[in-house]
Amino acid sequence: MRSNLRGVGAAAAATALVAVVAGTWFGYQQLAGPSCSGQIQLSVAATPEIAPAVQGAADQWVKDGAAVGDTCIAVNVTPAESVEVAATVASKHGATLAGVGQASGTAVTPDVWVPDSSTWLLRLKAGGATAFAPANGASIARSPVVVAMPEPVATRLGWPDKKFTWADLLAQVNSSKPLHAGIVEPTQDAAGLSGLLALTAAANSTGAAGSPQAREATIGALRAVATNSSRLRQDLLARFPRSSEPTAVANGLGAAALSEEDVMAYNATKPPIPLAALYLDPPPAPLDYPFAVLPGIEPAKASAAKVLFEVLTTRGFKSRLAAQSLRAPDGNWSEGFKALPGAPSPAGGSTAPAGQGAAGGLDPTAIQKATSTWSAVTLSGRMLCVIDVSGSMKQKVETAGGATREQVTVAAATQGLNLFDDSWSIGLWTFSTKLNGSQDYREVVPIRPLSSNRGAIQRGLATVKPSNGDTGLYDTLLAAYKTVQQDWEPGKVNSIVLFTDGKNEDDDGISQKALLAQLRKLRDAEQPVQVIIIGIGSDVSKAELKSITDVTGGGAFVTADPTKIGEIFLQAIALRPPAPR
């Protein structure tokens, strides 16, 4: 979340009366009347650092006597954290955002939303909000994402003369005497996400794409910055050294991805140790403040929003942005903007002039993968992995060079194991029909901490082979649920991840109706067990799987291409609910 250093409370709301016509700003001035009857309320939720500029523009509009015929437009500008509005919109549209969780209830869906980044709009769409199609979406401001460092640390590394890259930062983070790097929770903060994308791209370039070397560098980098991660921006900022004493500088936070505006706001408080802003190559995605008219508003409000956007693209508004330490959409700044040492102009990646889409160049798939990987690497859990070994798992996968479904599944599970640190507890089962006497499932490795269990899990995965049996899904799922619930561990997400390529085929086992009834009876809100089922191939019934996860919580995922299991596994792990905001 963004800090409150700008002097704008996130809960404060400001109201300004403005008027609008369906036409240009000049047409509006010509048609303005002395009075009006009736009123249209246009609600605008703007991220806190830009809200004063939007508010000021609305105030000026009113001062100029704005009115149209007998109708006035009231624009209610409310400072609102982007993550809070995103959670509310996601809830309304049935989307899932990794790491965001449920809406807090403090934010409502506005008519117009000005988040700090277009990544929020892309994540909502990629997260399942298929009907979420906001109008406009053009950038009205910009703030490059930089790496903030205490000036003594930056000077030691060659700032402001030396030009830094993300590979340089990665080397500092992973060195024998690592730089203490931190991050604001990237699933909840756009600047943190931008930094995460840049850092993981640098880590992936250390070897061939998807190679063990690249994965190791990526996981190492994520764990390093996660050590000093924070859900709240002001908490992260408080970790920077507050004294010039060498010990304080050495022990304090040494680097974090922040926006240029964040650094300027922090330095404006006159801290004992100012922050330097390093503009790294390649430039990460900047904060671009899209003007998003949310779907479903009435035509009159849509017309009002159209003219409000025109007001926010004038030269006068750019001056208001400068007063808030923000740039114009093209990356340049207006008079009154006090550039930081080393700041290029324009800076922060590709430009997006007013009236053009602000999300160009951002990859929704890369964003989803980065947020999912972050969630898997940085959050602890207790998990029972259950793998289908029925006869159909012998089927070869054309897209995997002839490897069987079983081999592809085991490879995905093995790779996923590398994401988890030793704080995780993991167990391994296999299942088919009559796999262990009359029992459909077999315990390969019991659930234990990876600190003592990692080798056993790796050896267990290497022994997984298809049988000649069918799919005993229901009996296995019920037994797994009881096992995980029995030794439920507080402070962790207790879960089952089950891989299967078929429907339940055990005529001698429990029925679907009886399974769901027992799961409802076993379910305990105080000790939840999340069930994640990953279906492989065309024989899987998503409706069957979803009927189970609707009762237990979690999610059902189905892919016709088994080579996509790894990606789906990441998405599934990211479903775990985050700590409350």
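I began with aspartate 539, which is partly exposed at a relative accessible area of 43%. Here buried means under 20% relative accessible area, exposed over 50%, and partly exposed in between (1.4 Å probe, protein chains only). I am reading a predicted model: local features need pLDDT of at least 70, side-chain atom pairs count only at pLDDT 80 or more, and totals for chains, interfaces and linings use all residues. Residues are numbered from 1 along each chain as its sequence is written, and side-chain values use heavy atoms, with hydrogens and water left out.

**Aspartate 539**

I placed aspartate 539 in the loop between β16 (530-536) and α19 (542-552). Helices (H or I, at least four residues) and strands (E, at least two) are DSSP runs, numbered from the N terminus. Asp539 forms a negative surface patch with Asp470, Glu505 and Asp507. Patch residues have over 30% relative accessible area and no salt bridge, and like charges are joined within 9 Å. A salt bridge is a side-chain nitrogen of Lys or Arg within 4 Å of a carboxyl oxygen of Asp or Glu.

**Glycine 502**

Next I took glycine 502, in the loop between β15 (493-500) and α18 (512-522). Is it buried or exposed? Glycine 502 counts as buried, at 5% relative accessibility. Beyond its neighbours within four places in sequence, I found glycine 502 in contact (heavy atoms within 4.5 Å) with Asp388, Thr471, Asp539, Val540 and Glu544. I also checked glycine 537, which is 35 residues from glycine 502 along the chain. Their C-alpha atoms are separated by 7.9 Å.

I moved to threonine 373 in helix α14 (residues 364-378). Threonine 373 is buried, with a relative accessible area of 11%. Leaving out residues up to four places away in sequence, threonine 373 touches Leu222, Leu419 and Leu570. Isoleucine 573 lies 200 residues from threonine 373 in sequence, yet 8.6 Å away C-alpha to C-alpha.

**Whole chain**

Last, I noted the totals. The chain has 20 helices and 17 strands. Of its 581 residues, 54% count as buried. Among contacts between residues at least 6 apart in sequence, 80% join residues at least 24 apart. The chain exposes about 23600 Å², with carbon and sulfur atoms supplying 51% of it. Accessible areas come from the Shrake-Rupley method with a 1.4 Å probe.

Definitions and conventions: Patch = residues over 30% accessible without salt bridge, like charges linked within 9 Å, V, L, I, M, F, W, Y side chains within 5 Å. Lys, Arg positive; Asp, Glu negative; His and termini not counted. Charge placed at Lys NZ, Arg CZ, Asp CG, Glu CD.
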